[in-house]
Structures are given as C-alpha cells and as structure tokens.
Amino acid sequence: MIRHIFRSIFVTALVVFLASYAIIVGVLYQYFTQVQENQLRVETHMAAQGLNLEGREYLKDLHTDNDYRITWIDAKGKVLFESSSVPAARMENHLQREEVQKALKSGFGTSRRYSDTLMERSLYAAQRLSDGSVIRLSVSQQTVPHLIFGMMHAIVLTLVFVVLLSLFLSSRLSRRIVRPLNDLDLDHPLSNEEYDELSPLLHRIDSQQKQLKDQQEVLEQKQNELNVITDSMNDGMILLNSRMHIISINHGARRILHADDDCVGKNILEAGRFLELQQAISQAAKGRRSEQRMETEDGIFDINAAPVRNSEEQGKITGIAILLVDVTQRENAEQMRREFTANVSHELKTPLTSISGYAELMENGMVREKDIRPFAGKIHAEAVRMTHLIEDIIHLSRLDEGAADGMDREKVDLQQLTVDVVEELQPAAEKMQVSVRCESEPVTVCGVRQQLKSIVFNLCENAIKYNKTGGQVMIHLYRKDDEAYLAVQDTGIGISPKDRNRIFERFYRVDKSHSREIGGTGLGLSIVKHAVMIHKGRISVESEPGKGTVFTVMLPIR
Ligand code: ADP
C-alpha cells in the first residue's frame, strides 16, 4: 500500500510539475512576444517619423544588433535599404510580404513568420511613409523548442531537484498516510479517531466483531456442552479428519487408548497402536462401516468406525467417527453365565447319577434286604445335597437379579441373629466335636434379614465344616466407627494363599471331594460376598494353612 501511495504521489508531483512548467513557459512566451511586438510597434513608429523627417539621412550610420533589422521598401516592393549584411540591391522584391501589404493598405501592418531551419521566429512591423514607401522593422525571436533547448541545463538541474524532492516528499507523505492505518487498534475499532473516512469501515468491523464474538460464544457453549456429554460417557468417542488426524477425542477414548491429553491434531497412529483399531479405521476410510473387537490390558472393547460423508461434495469422505464401547462386563458376565450353567449341570449330574444308580440297583432287586435302608439313606443324603445346591443357586440367582433391591430393609439385631445361628448350628458343631463361642455386644444394622443371616450362617457353618475334631470356633461381634464387625475365627484346616483369592468364586472349592462329603456346594462364600456387597460392606480373610482362618465382615450401621 505504501508503495502504491508513494508511486501515485510521485507521479502526480512530477506530472503537476511538468504541466506547470509547460504552462508557465507558454504563458511567459506569449507575454514576452506581446511585449516585443508592442516595442516593435513603437520603434517602427519612431523609425517612420525619423524617415519622414530626415529621409535617407536618417538611415545613414544606423547600427542595429543582429536581432534587429530595418528594411526600407518603396511602394513597388523594391528594397531601398537593408540594415543586415545582405546588400539591399540583392534582395528580392518585398511587395508580397504580409506586413508590407497590410501597411500599404492600412498604413500599418504586423506579421509573424517561422523559420524551421533556424528554429527561429521573426516578428515584423511595417508602416507606410508619407511618400508611399514602407519602413519595416523586424526582430527575431527564439521559438519554444529553441528556448527549451537553450535552457536544457537549467531544466535538467531543476528536474533532478524536483525528482529528488518528490521522492523524498512522496516517501514521507505515503508513510505518514499509512501510519495511522497500521496503527489501527482493530480490537477496539471505535477507539480510532485518525481518519473520518474510515469511520463507516470501523463501525462495520466493530459490529462484525461483536457478531463473531456472539457466534464464538455460542460455538464454545455448544462445544462445552458436547465435551461435558462426551466426557461423562464411559465409552470412547473419536473424530478424525480425512488425513486421519484427531479432531476430537473424549476422556473415555483417551483412557482406553492411553493417549496423551494433547493428542488432538496428531495422527491416530500416534494415539493408539492397536491393530484392530487400525483395521477398523482403514475399512471406514474406504467408505465401509466397520466393527471390530479389541482386547487391551484394561478390558474388551467393541470398535465401531463409520465414514463421515460431505453431503455437498457428492458424498466425499471427510472424516471418520469412531465409537469404543466397553464390553468387558458384558463379556465377563457372559463368560460367567456359561461357566455357571456348565457348573450347575455338572454339580446336579453327580448326585443324580448316584441317586439313579442306587435306585436302579434297588429296582433290579440286586440289593439285599438289610442294605435297603442304608441305600435309601444315601439316596436321601444325595437328594438333600441337591436340595441345598438348588436352594443356593436360587438364592444366588435372586441376588444376581438384584432382587435384594426390592427386599424390605429393616433394623436387624445382629447379636440376636448370631445367637440364633449358633443355636441352629449346634448339632453340626457337636457332630464335628467343635466348640463354638460367641462374644458379642448389641449391634443393630439396617438391612435385609435373610441376607444378613446367610452371611452369618455360611461363615459359621464353614468355620465348623472346615475345622478339626476338637477344634474351636470363635465369633466376635462388635461395633467400631459406625460399622458392625463380625469376625468368625476357627482353628481349622486354613486356606493356602493361592486359594484365598478364589474361594469367593462360584463353585470353587479347595478340596472338591472333601467339600462334597461334608455337603458343600461351593456357593456359600459367593452368597456371602454378594450379600455383603448389597449392604455396602466389606469382607476380608486371613488364614494360615493348618492353623485356622478368620473371616471379618464389616457392615455400615447407617
Ligand atoms: P462350600 O459349600 O464348599 O463350603 P464355600 O463357597 O462356602 O463352599 O467355600 C469355598 C471353599 O473355601 C470351600 O470349599 C473351602 O475349601 C474353603 N473354605 C471356606 N471356609 C473355610 C474355612 N473357614 N476354613 C478353611 N477353608 C474354608
């Protein structure tokens, strides 16, 4: 812009200078020509008077400089006297000269004539004398080109000076014009007061800025809303552009891919190097929806990748939307269901096989009279075991279905409950020759009575079942920091560290045959764990193989 203004000012200054120069030269030339003509007229009058008075004597010894010529012509055009070096006798007839004709006709005449070769102009004035002859004065005058040529030196010097001055002034002026424009504070357009002409533009900028600001605020608000929604999602959401660079990635996706917080703008390859993810993306980039399953150390995820098409550009793919759904729980639940079904079938099959075996023997009369009772007893025992198993399964299924949520919660006196359970288990304890001691203080919790009973019952039953002959069971119930503590300690066989993590799994038994012998189903501790969870409590186990085990349940009182 500076260059443009500079050039305009410079050219304008130069053109103005040259035009002014030409006009001034023209006007001055006209003026001086007029002055010269007037002077010539006066001189011609004077010469005519001199000649009229003195005749030829007047012309004697007359000296004129080179520019001036005096010519005396008779009425027929013959030159009688010529002041220039050319002798009058050799001069041609002057009758047809314009000024001579005018003088002969009206007494006085003037004319101008150019000589292209000499680049000169001559001014002529002629006056008729009393005897009919004509006196003519002429003066040569330089033409404009000749004048310019003569003044070339001065003109060039002036031009150089003018060019330099124009350059200097143009440069300063253009800078001065542009400086306020450069210094415009576009953040606050209305605070600029330099040029009035800019006012409409600045008002426009100001209103557009306000509009942009409003739009930006709306966009930011929408973006924030979207971020809040997507970040609160557990699933991952990623948006890529056509060059596979991340445009948007939510918190869930960053967590799943272990991506950095500043991964936006980077290639997706940098964010997550998972083969299945890359496969899904490359499919989507070809315009096909793709579904993949990816297993990471954090879990199992379903990948849904879909191309994003631009409706205006004939469906051109402009990006890819990726959804990462955490299916770990679903998969684990599915796995557990499969295992549970297999286990249930297996657990039911064993007692049923023995029942049907004994029944078949009895049916075929292969059992002696005296063995019928023990056989019936075995069938009964297996049937009882099956009943226990089915009861436990039903119990667990109810807990799985969340039935406890619908169960009535009530204030349960844990001390009384424990006393009842101990009493109930007394026959079993006696059978195992295990002594059961109970130390308790009054503790009441709000919960589901049946579930709380199953916790106490299963732990105490296990403490008796997995005890040694003559062993002891110590039940300790107390209250600490708003929590009810129930510790069931035994002096039994104990649990090895490797089994300790697994005993809460369904159907897990350390010693399957022993457990079965003593009527275990492998579901007791699963039920305990579930019931504790329902009451938002915790359970811990400490054990030393051969010495004994302590199960401690902590239940919030409120
Ligand atoms: P089960 O019906 O077989 O008792 P549980 O789920 O109650 O099933 O217990 C799972 C396994 O944990 C048992 O088979 C047993 O091996 C072990 N176990 C549970 N309680 C004790 C305990 N107090 N002492 C030693 N082992 C125990």
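**View 1. Elements around the ligand.** In this predicted model, α13 (449-465), α16 (524-534) and β17 (548-556) each give at least two residues to the shell around the ligand. Helices (H or I, at least four residues) and strands (E, at least two) are DSSP runs, numbered from the N terminus. Local features need pLDDT of at least 70, side-chain atom pairs count only at pLDDT 80 or more, and totals for chains, interfaces and linings use all residues. Residues are numbered from 1 along each chain as its sequence is written, and side-chain values use heavy atoms, with hydrogens and water left out.

**View 2. The shell.** The ligand is surrounded by 20 residues (a heavy atom within 4 Å). The closest are Asn462, Tyr466, Ser515, Thr521 and Gly522.

View 3. Tyr466 places a polar side-chain atom 2.7 Å from an oxygen atom of the ligand. A backbone N or O atom of Val510 lies 3.2 Å from a ligand oxygen atom. For a backbone N or O atom of Gly524, the distance to a ligand oxygen atom is 3.4 Å. The protein covers 98% of the 530 Å² of accessible area (Shrake-Rupley method, 1.4 Å probe) that the ligand has on its own.

**View 4. A five-stranded sheet.** Five strands form an open, antiparallel sheet in the order β7-β6-β10-β9-β8. Strands pair if DSSP finds at least two bridges between them. At the edges, β7 (246-249) and β8 (290-296) each pair on one side only.

**View 5. Strands β9 and β10.** β9 (residues 299-310) and β10 (residues 316-326) pair in the antiparallel sense over ten bridges. Phe301 stands opposite Asp326 in β10.

Conventions:
A polar contact is a pair of N or O atoms within 3.5 Å; within protein, one must be able to donate a hydrogen and the other to accept it, and residues adjacent in sequence count only if both atoms are side-chain atoms.
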